[in-house]
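Subject: Structure handover

Hello,

Here is the structure for you to look over. My notes on it come after the model.

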Amino acid sequence: ARLLIPGLNVDASVENIGVLPYGNLATPTQNPWNGVGWYNRGPRPGEMGSAVIAGHLDRPGGAPAVFWYLRNMHPGDMVIVVDARGKTLRFQVTRVAAYPPKEAPVQDIFGNTGGKYLNLITCAGDWIPSEHQTTLRLVVYTTQV
């Protein structure tokens, strides 16, 4: 499967990811900096509910990774998923939000069942070396069109 974001020149392979032992969402391992991961405990893109795809903001040392420009997305922008069978699914951005990690609305991101959604998630804000994470999580909410 592929994730395409034409406005950002993103064309990324999609792999299945789950949850790490301590509860955080895993990140892609096959192609960690240029690929993305679909959260495999939720719906697939195009199914009812909130499908979630995660990708890295940057690489060690700060060089851009696949979702470096995700913060530049706006309502109305298009996101495309091409599934393993070659079927093209189109999603339109409805909103972009950033949250401190412990304040992210998990139900809204992962559990909205009122339609066919695809939510893209990455890090944002400043790096906190002692916590090995950033101060924010960026979420791009989309709805299938």
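This is a predicted model: local features need pLDDT of at least 70, side-chain atom pairs count only at pLDDT 80 or more; totals for chains, interfaces and linings use all residues.

Pockets

The largest pocket holds about 1,000 Å³ of space. Its lining is made up of 34 residues, and those nearest the centre are Asn-24, Leu-25, Cys-123, Gln-133 and Arg-137. Three elements, helix 1, strand 7 (116–128) and strand 8 (133–144), each contribute at least two residues to this lining. Strand 7 contributes the most, with six residues. Sorted by class, the lining of the largest pocket contains 18 nonpolar, 10 polar and six charged residues.

For the second largest pocket, the volume comes out at about 380 Å³. It is lined by 16 residues, with Ala-1, Arg-44, Pro-45, Asp-83 and Ala-84 closest to the centre. Here the classes are eight nonpolar, three polar and five charged residues.

Arg-137

Arg-137, one of the residues nearest the centre of the largest pocket, belongs to strand 8. Is Arg-137 buried or exposed? Its relative accessible area is 16%, so Arg-137 counts as buried, the cut-off being under 20%. The side chain of Arg-137 also has a polar contact, at 3.2 Å, with the side chain of Thr-134.

Aromatic rings

How many aromatic pairs does a search of the whole structure find? The search returns one. The partners are Tyr-39 and Phe-110, in an edge-to-face arrangement with 5.3 Å centre to centre and 80° between the planes. This pair joins distant parts of the chain: Tyr-39 is in strand 3 (residues 36–39) and Phe-110 is in helix 1 (residues 106–110), with the two 71 residues apart. Helix 1 is also one of the elements that supply the lining of the largest pocket.

The two partners fall into separate accessibility classes. Tyr-39 has a relative accessibility of 16% and therefore counts as buried. Phe-110 has a relative accessible area of 25%, so Phe-110 is classed as partly exposed.

Two arginines lie over ring faces. Arg-71 is placed over the face of Trp-68, 4.9 Å from the ring centre. Arg-95 is placed over the face of Tyr-141, 3.7 Å from the ring centre.

Regards

Note on methods. Residues are numbered from 1 along each chain as its sequence is written. Side-chain values use heavy atoms; hydrogens and water are left out. Rings of Phe, Tyr and Trp (its six-membered ring) pair if their centres lie within 6.5 Å; planes under 30 degrees apart count as stacked, over 60 as edge-to-face and the rest as tilted. Helices (H or I, at least four residues) and strands (E, at least two) are DSSP runs, numbered from the N terminus. Buried means under 20% relative accessible area, exposed over 50%, partly exposed in between (1.4 Å probe, protein chains only). A charge sits over a ring if NZ of Lys or CZ of Arg is within 6 Å of the ring centre and within 35 degrees of the ring normal. On a 1 Å grid over the protein atoms alone, a cavity is a set of points where a 1.4 Å probe fits but cannot get out, and a pocket is an open set with protein on both sides within 12 Å along at least five of seven lines; lining residues have an atom within 4 Å of a point. Grid points are joined across faces, edges and corners, and a volume is the space filled by probe spheres set on the points. Ala, Val, Leu, Ile, Met, Phe, Trp, Tyr, Cys and Pro count as nonpolar, Asp, Glu, Lys and Arg as charged, and the others, Gly among them, as polar. A polar contact is a pair of N or O atoms within 3.5 Å; within protein, one must be able to donate a hydrogen and the other to accept it, and residues adjacent in sequence count only if both atoms are side-chain atoms.
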